[in-house]
Amino acid sequence: MEGLDADRIWEIVHQYKLSVKQKYESKWSFMTGEQESFSALYTEPLIIQKNRNGSFKITHVHEFFHLYRAVTVILQGDSGSGKSLIAQKITLDWASEEFSTSRFYLVFYLRCEELMCISEEINLIELLSYSCSLTSDQISQILQHSPEKVLFIIDGFDELRLSQDIYDMSAHTNPLQKAPPEVILCALLRRYLIPETNLLVTTRTKNTVNKLLKGQKCFTEIMGFSVRKVAGYFQKFFTKEYDCVRTNETLLTACSIPVIRWIISEMFKVGANVTSGLETTTSIYVDFVSTLVEHHCQGLSQSVPNLLRSLGQLAERGMLEQQVLFDEKTVNESISEPAGSPVLCNFLSKRRIHQETMFTFMYHSFQEFFTALYYVLLDAEESQRKVRELLHTVERGWALSDWSDREFSMADVEVRHTKLLQPVILFLCGLCKKEWIPSFFEKLNMAVSISIETQLKEWISTYSQRYQSEHMLFILHCLYELHEKSFIRKVLEKLVLIDLSNSPLKRTDCWVLKYCLQCCEHIRNLKLLVTSDNLKMLQPELYRCKELW
């Protein structure tokens with residue numbers, strides 16, 4: 001293709017923007033099957049910028065791209081915190097020519113989970129063409145125009161299957177040089193390729209991506225929705241149910257997590273009662289799956305317990321192999337329901353990727369939940385074996401993280417995988433307490449292996465003593481999901497120190513800490529990093545601390 005003039009480039013970019021808008025302007029409701037406006041439903045969560053000295057401030061992601069040139073912004077958040085929604089909203093804002101993204105001439109939205117479906121080696125230009133409606137020739141010409149006005153959004157860094165190739169790779173500087181997709185993306189992060197561009201990377205874990213990055217970088221973290229925004233959302237879209245949410249502090253706090261707010265919204269749409277008995281994250285997921293079963297599981301070719309076990313087996317396979325997209329053949333082998341059946345589509349999203357139909361769990365946190373559900377539905381011996389292996393993997397990852405050096409190594413890959421498996425343990429803690437969610441299992445006549453409760457409690461007791469700082473917040477969340485006051489008291493009153501000062505506590509973290517403090521007569525030493533609003537929530541219970549930092 002000959003060199004393009006400015007008018008022709010403008011026309012190509014304009015057509016590309018139209019295709020982006022068409023793709024992201026609407027979202028489907030799982031419960032009702034209706035299309036909804038993405039922009040109308042979108043709520044910006046609180047985002048903080050974390051500085052090297054440990055301080056932080058509330059910010060907006062797009063602010064960094066106005067303040068800096070050739071910057072990499074890392075957006076960190078747990079499963080279900082809304083990272084992909086933010087990435088898609090920035091892409092849509094650019095296509096809609098919103099002011100916040102006006103400095104960018106071109107935006108490429110790269111979903112790592114989809115790029116991992118590419119089996120052959122490709123070059124950067126081909127990789128970009130794979131992810132958008134532009135041809136390789138058009139991309140090659142446009143990138144020469146103003147590379148400093150290009151934004152690459154790399155969404156889901158955790159889905160990249162990193163290997164020794166990344167560790168050993170030399171400077172990969174030629175955009176036409178072929179390599180596996182993960183090598184190309186890491187070359188972008190290291191600024192071997194197109195060093196003048198801007199990057200936004202979403203991730204659940206930050207250490208691995210941090211070690212790969214070169215140049216100017218800013219670290220941000222999603223803190224969830226403010227109480228005001230949660231209340232405003234339900235007041236606007238669910239007027240009848242608003243008072244139920246507003247007066248239920250547990251539910252109001254839980255809905256500060258974007259995926260939980262989505263779950264509650266979907267249940268409201270079908271008239272489900274979600275105002276009682278939802279104390280833990282696990283109980284909310286159980287209630288949602290129970291509602292799906294009740295409303296959408298008629299005409300199954302197998303029993304509901306068998307369907308849930310099959311979904312759990314598929315989920316576990318993906319968790320262990322770091323896979324979130326499954327082809328039709330894999331789904332059909334795992335689940336006897338036809339891959340395209342309406343029933344299955346209530347649990348798995350169908351996505352068309354380059355002429356191939358792929359399936360994924362509606363949110364990654366549901367893959368974590370179904371993995372845990374699969375473990376508790378196994379017979380006692382097999383359940384204990386699976387849980388023992390999971391706990392051992394996490395233990396090993398924690399031990400490796402203690403001595404991992406500043407340079408990227410294969411130990412970082414193992415540590416990262418450990419972090420991604422931790423939510424499965426949280427759900428196990430919630431599911432093994434059968435008395436908290438009896439109706440779900442009894443209604444479906446499902447036997448639950450409660451033998452793993454002892455395993456989990458022994459593990460928590462041991463590692464709460466060993467890790468009183470770095471992993472303490474995770475252990476508190478495990479205790480909250482167990483929701484057993486006497487055990488929480490037994491664990492926490494033994495500790496010399498509870499150090500939660502590594503990172504600012506989210507509202508849900510403070511709610512968990514508040515409950516755990518209520519279970520204890522006293523705590524020896526507590527260290528916190530917390531906003532003034534969240535401190536107000538904790539204040540009535542802080543008198544239990546002999547020393548408070």
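**Exercise 1. Work out whether helix α6 is enclosed or open, and what covers it.**

*Step 1.* Helix α6 spans residues 124-131; helices here are DSSP runs of H or I with at least four residues, and strands are E runs of at least two, both numbered from the N terminus. The model is predicted, so to speak of local features we need pLDDT of at least 70, and side-chain atom pairs count only at pLDDT 80 or more, while totals for chains, interfaces and linings use all residues. Residues are numbered from 1 along each chain as its sequence is written, and side-chain values use heavy atoms, with hydrogens and water left out.

*Step 2.* Apply the burial cut-off: buried means under 20% relative accessible area, exposed over 50%, and partly exposed in between, using a 1.4 Å probe and protein chains only. Leu124, Ile125, Leu127, Leu128, Ser129 and Tyr130 pass as buried.

*Step 3.* Six of the eight residues of α6 are buried, so the helix is largely enclosed by the rest of the structure.

*Step 4.* Now look for the cover, with contact meaning heavy atoms within 4.5 Å. Among the elements over the buried residues of α6 are β6 (106-111), α5 (112-115), α7 (136-145), β7 (150-155), α9 (181-189) and β11 (348-353).

**Exercise 2. Locate the nonpolar cores and find what Phe370 touches.**

*Step 1.* A nonpolar core is a set of buried Ala, Val, Leu, Ile, Met, Phe, Trp, Tyr and Cys residues joined through side-chain atoms within 4.5 Å.

*Step 2.* The largest such core has 112 residues, and Leu308, Phe370 and Leu492 have the most contacts inside it. Helix α18 (residues 364-377) gives the largest share of this core, nine residues.

*Step 3.* Set aside the neighbours of Phe370 within four places in sequence; Phe370 then contacts Val289, Leu308, Leu311, Gly312, Ala315, Phe347 and Phe361.

*Step 4.* A second, separate core holds 75 residues, and Ile125 and Tyr130 of our first exercise belong to it, as do Leu92 and Ile194.

**Exercise 3. Decide whether Glu541 is buried or exposed, and name its contacts.**

*Step 1.* Find Glu541 in the loop between α26 (532-538) and β15 (545-548).

*Step 2.* Its relative accessibility is 8%, so Glu541 counts as buried.

*Step 3.* Beyond the neighbours within four places in sequence, Glu541 is in contact with Lys514, Leu517 and Gln518. Lys514 is 27 residues away from Glu541 in sequence, yet their C-alpha atoms are 6.6 Å apart.
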